[in-house]
Amino acid sequence: MNHQNDMLDKYRIKGTINLDQNPCFGKNETFDNFQDELKRFKNFIIKSVDDESKSLTIYKFGDGDYYFLNQVAIGSASIGKRALSKNYSDIKHKEFVEGSKLCDHYSCEIYPENRKLFHEVISTTPDFPAEFGYGLVANKWLLKQFAGRIGLIGGKEKIDLVKKMMEHKEYQEYLGLEKFEDYLHVPQKFACDDIDETEKTIGEQLVNSKSRIFLLGVGHVKSALLHRLKKYKDAIFLDIGSGIDALAGIIDHNRPYMGQWTNYRVKDFNYDSLDILQYDIWNTPHKIIES
């Protein structure tokens, strides 16, 4: 089955292919006014970035966040897997639960099951579909629109990889910008073990940063960390989740709206150092950047 052909036009994002198999993309009732909301989101981001006095956070919710916030050891919320090496009782878990409710805006996939989980833990309605963040990375709109004002925040090894790839003209041309203004990092693994130390690590980097908008994908630590970032920098902090993996060239093409993305690879980079999500990215189409 070609899922892209089964998807309704109302859910398409120009310049992308969506191979996500969730059946919600074939149902009119899944989400009203998707295209109008996409335009509203783009205008909202432009106005927010242009208003130098504005600082805000946009939290992207996924099912993994539900498990982490409810201390259910599944997938990325498992102890020793990615987010934490300690038991939930040994970290400041309450700060994650409370912090997840302190962000300015929220996005969530349009999957009905995910929106139900969102309402259970955040107790409100998401402001935007999370697909907008994925799609506007995939078609490079975010990158080109804010070239010269945009930085990244992610796990250290992934951010190091993006920085290395951006040394190559070929990758600059593919993304549509010469460089990111900042390459900021948190620990790739177990950033939730000590939230205060993780905050200190990123806070020290933010103080000297230059970007007006940051795209970030930092995993479950965002629940306690994201709302705190405004203490260190007046900026727009947009959580794009696995969009950071796309920029690092390690995205599964079945992720929402990433079916047309080219995974660039640097020939001499040690990919064994990366904490790769569950999907198999090594057999996806890719292009080698020669050193």
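Counting salt bridges gives a total of 20 in this protein, where a salt bridge is a side-chain nitrogen of Lys or Arg within 4 Å of a carboxyl oxygen of Asp or Glu. Please keep in mind that this is a predicted model, in which local features need pLDDT of at least 70, side-chain atom pairs count only at pLDDT 80 or more, and totals for chains, interfaces and linings use all residues. Residues are numbered from 1 along each chain as its sequence is written, and side-chain values use heavy atoms, with hydrogens and water left out.

- Glu-52 and Arg-212 form a salt bridge, with their closest N and O atoms 3.7 Å apart. This pair links distant parts of the chain, 160 residues apart: Glu-52 is in the loop between helix H2 (34-50) and strand S1 (56-61), and Arg-212 is in the loop between helix H10 (195-207) and strand S6 (213-217).
- Glu-52 is exposed, at a relative accessible area of 54%, while Arg-212 is buried at 5%. Here buried means under 20% relative accessible area, exposed over 50%, and partly exposed in between (1.4 Å probe, protein chains only).
- Lys-179 pairs with Glu-181 in another salt bridge, with 2.7 Å between the closest N and O atoms. Lys-179 is partly exposed at 40% relative accessibility, and Glu-181 is buried at 15%.
- Arg-228 and Glu-199 form a salt bridge whose closest N and O atoms are 2.6 Å apart. Arg-228 lies in the loop between helix H11 (222-225) and strand S7 (236-239), and Glu-199 lies in helix H10, 29 residues apart.
- Both Arg-228 and Glu-199 are buried. Through shared partners, salt bridges join Lys-92, Glu-95, Asp-196, Glu-199, Arg-228 and Lys-231 into one network.

**The overall fold**

- The protein has 12 helices and nine strands; helices (H or I, at least four residues) and strands (E, at least two) are DSSP runs, numbered from the N terminus.
- The radius of gyration is 18 Å, close to the 19 Å that the globule rule gives for 291 residues, so the protein is as compact as a globular protein of that length. This radius is taken over C-alpha atoms, and the globule rule is 2.2 Å times the number of residues to the power 0.38.
- Along its principal axes, the C-alpha trace spans about 50 × 50 × 40 Å.

**Burial and contacts**

- Of the 291 residues, 57% are buried.
- Among contacts (heavy atoms within 4.5 Å) with a separation of 6 or more, 66% are between residues 24 or more positions apart.
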